[in-house]
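Thanks for coming, everyone. Let me put the structure up, and then we will walk through it.

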Amino acid sequence: MIFDCLPPIAASQKLIARLFLVFACLTNFSSSILAQQKPFSFPASQLYSISEKIAGDSLAWPVVVSLASRKPETNEFFLTPTAQTTLRDFSVLAKRIRLARVDLSRFIKGGARIFAESELLATERALQEYDRAVNSGNLKTSKAFGDSFLANLIILGKALAARRMESVEAKLTQKNGLVERRKGLLGSWQKASIGDFFSEADGLRTGAESVAVLSLVDGSNVVIEQNTTAIIRTARVDKLNGSVKTDMTLVRGSLLAQLSANAQEGENFNFSAGNTSAVVRSGKFWASSAVKGSSGETRLSNYDGTLDVRSGKAVVTLKKNQGTVVLVGKEPMPPVELLPSPRLNWKDLDTVIYQDKMTLEWNSVQNTVQYQIEISDSRTFENIIQTYRTPSLSLAISVAGSVYFLRLQSIDKLGLRGADSPIYRILRNADREPPSITVQDWPTDLNGVGIRYTTRSAVDVEGETEPGATLKRNGSVVPLSENGQFRFTVPVDQTESFITLKAFDKSGNELTRLLKVVPVKSKKVAEMNWNVQQSGDTLYTVGTKIQATGISYPNLRLIFKQGEKSEAVQSDAQGQWKISLLPNRNEEISVYFESPDTGELVSVKKFFVR
């Protein structure tokens, strides 16, 4: 690996050098492959996989859509060779960004939020703008902010390497609602702001509708949940080796700690609540503390590594996915297995929604008292937007943004928080295009109305609309196949009748199509005029040519037969027709009128020429 081949230098310098080398390798892209591209189309159902393959990221589908042409009648996208080349070029940047995100995470875990705040802010802002531009399909802006993110990441790495030895303990990096801080054990509670630093003996508390994230210098994060008070007892930086010793006390409420590898392996994080203390060798654990007068209890759930939980002289060790409860003045309860996580009733971890509201449903987990659902705007759940608890197996939620992440846990009768479910992603599709309605064999007039002229007592209406859409005929729902195809039959009245088709997609967009059924009358079909004297069925001609005209129905076919000869004419879109003949005297002319829609014989008229 490139990283392993670097000379022995500082870890942060290795990361910077790694960035340069990886970016250089990625830019060595073969132009000969691009020259072989051919135009191709693909269905909308493959948009995410095509985005992953060509643009380098499934989340880049808005960029693909911005460069593609869409065929509404087939719900397909078409990419020209030029568009493919543009997307291949963009995929190089997307791959760079994907690798750089890993390095950004390493910098953050290495203390970037503490040592290089302004540089980190500029880097994250550029990344956010890049993600926003990709989500809106703006290729030019995506490239600009993508390049800016990569450049700022290099600056961030250099700043972090230079300032790593600054003595700063912890910082408030996220908060929702009212969060307060206290300086020292004797200080008063004041409103806290993002960016506030916390030293030894400082306290932090949240209210009923607030959550906060405290970032430690070693890259660990502690999510302070609602109605919680926590105190940093010890926070010390070893300038010789960079290790951090942290002791935290949970006074009341609950918290979720996600520790860095350094904190986990070096046993540099200690935790206490009430008369309970724990030596942490875990990457992730949850704790809650409730005190009522002289009684109280502490709950601990461990998800990774081990926790040595002590109360008085007794110690129990929690392994992965085990928990315990400690009552005041009692020994810790023997470890119990945490409940497994519930799973959403989704086929995949990702789902696309088309409206702001949706209902989540999940499977039942035995011995669960409540289910907890956490929603965040980041995959790491550093910023939890909302937390819900419910005893039921479903929950209605509202989403206003474009991308959300959620996870679920089961809460058992002891109040222990179970294991996390897989992380699910919700993509809000801001679709503003109405679904199409295609109807076969119904020609449209200048106003877009589909018209069917028929001699039958009933006609079929057959076509298709967007898969997943809802189609209504005169207010009643029409059954659709998985591909959006439909077919139904309507009776033909004695007079003109209308059919109103309305298609609705999942985003609420709608399209209306009007159809008109016109019954063909044999009397009107046979109406015609000659340009010569006529008496009944006899035509009197003095010249060599005669002419017949009429106004009937559109697409009406007429066949004129004279002896062994025959000629045909078809009416135009307005139903008009005209024909010139060269008849022989004392000869019969037979006129056959055929139906516009079926070709069946409607009427026959015979004339004699004198």
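One term before we start: contact means heavy atoms within 4.5 Å. With that, take Val399. Leaving aside neighbours within four places in sequence, Val399 is in contact with Ile353, Gln355, Asp356 and Tyr404.

Now the ground rules. This is a predicted model, where local features need pLDDT of at least 70, side-chain atom pairs count only at pLDDT 80 or more, and totals for chains, interfaces and linings use all residues. Residues are numbered from 1 along each chain as its sequence is written, and side-chain values use heavy atoms, with hydrogens and water left out.

Helices and strands are DSSP runs, numbered from the N terminus (helices are H or I, at least four residues; strands are E, at least two). For accessibility, buried means under 20% relative accessible area, exposed means over 50%, and partly exposed is in between (1.4 Å probe, protein chains only).

Back to Val399. It sits in the loop between strand 23 (394-398) and strand 24 (403-411). Is Val399 buried or exposed? At 4% relative accessibility, Val399 counts as buried.

Next, the core. A nonpolar core is a set of buried Ala, Val, Leu, Ile, Met, Phe, Trp, Tyr and Cys residues joined through side-chain atoms within 4.5 Å. In soluble globular proteins, nonpolar side chains tend to be buried together. Here, the largest nonpolar core has 39 residues. Those with the most contacts inside it are Leu79, Phe90, Leu104, Tyr130, Phe149 and Leu156. Which elements give two or more residues to this core? They are helix 3 (47-55), helix 4 (61-67), strand 3 (76-79), helix 5 (81-109), helix 6 (112-115), helix 7 (117-136) and helix 8 (139-163). Helix 5 gives the largest share, 10 residues. Apart from this core lies another, of 33 residues, with Ala170, Ala212, Ala235 and Ala273 among them.

Stay with Leu104 for a moment. Again leaving aside neighbours within four places in sequence, Leu104 is in contact with Leu120, Thr123, Leu127, Phe149, Leu153 and Leu156.

Now helix 5 itself. The expected span of a helix is 1.5 Å times one less than its number of residues. Helix 5 has 29 residues and reaches 42 Å from first C-alpha to last, close to the 42 Å expected. Just after helix 5, Gly111 takes a positive phi of about 105 degrees.

Arg101 is also in helix 5. Arg101 is partly exposed, at 33% relative accessible area. Beyond its neighbours within four places in sequence, Arg101 is in contact with Leu127, Tyr130, Asp131 and Phe149. Arg101 and Leu153 are 52 residues apart in sequence and 9.3 Å apart in space, C-alpha to C-alpha.

How does helix 5 pack against helix 3? Axes are lines fitted to C-alpha atoms, for helices over the stretch in contact, and angles run from 0 to 180 degrees between N-to-C directions. Helix 3 and helix 5 pack at about 75 degrees, with their axes 7 Å apart. That makes helix 3 roughly perpendicular to helix 5. The cut-offs: under 35 degrees is roughly parallel, over 145 roughly antiparallel, 65 to 115 roughly perpendicular, and the rest oblique. Lys53, Ile54 and Ala55 in helix 3 meet Gln84, Leu87, Arg88, Phe90, Ser91 and Ala94 in helix 5.

On to helix 7. Its 20 residues should span 28 Å at 1.5 Å a residue, and its end C-alpha atoms are 28 Å apart, which agrees. Buried residues in helix 7 include Glu119, Glu124 and Tyr130. Just after helix 7, Gly137 takes a positive phi of about 80 degrees.

Asn321 has phi near 60 degrees. Asn321 is in the loop between strand 16 (314-318) and strand 17 (322-327), and is partly exposed at 26%. Asp441 has a positive phi of about 60 degrees. Asp441 lies in the loop between strand 26 (437-439) and strand 27 (450-454), and is exposed at 62%.

Last stop, Lys284 in strand 14 (residues 276-292). At 16% relative accessibility, Lys284 counts as buried. Its contacts beyond four places in sequence include Asp304, Arg407 and Asp420.
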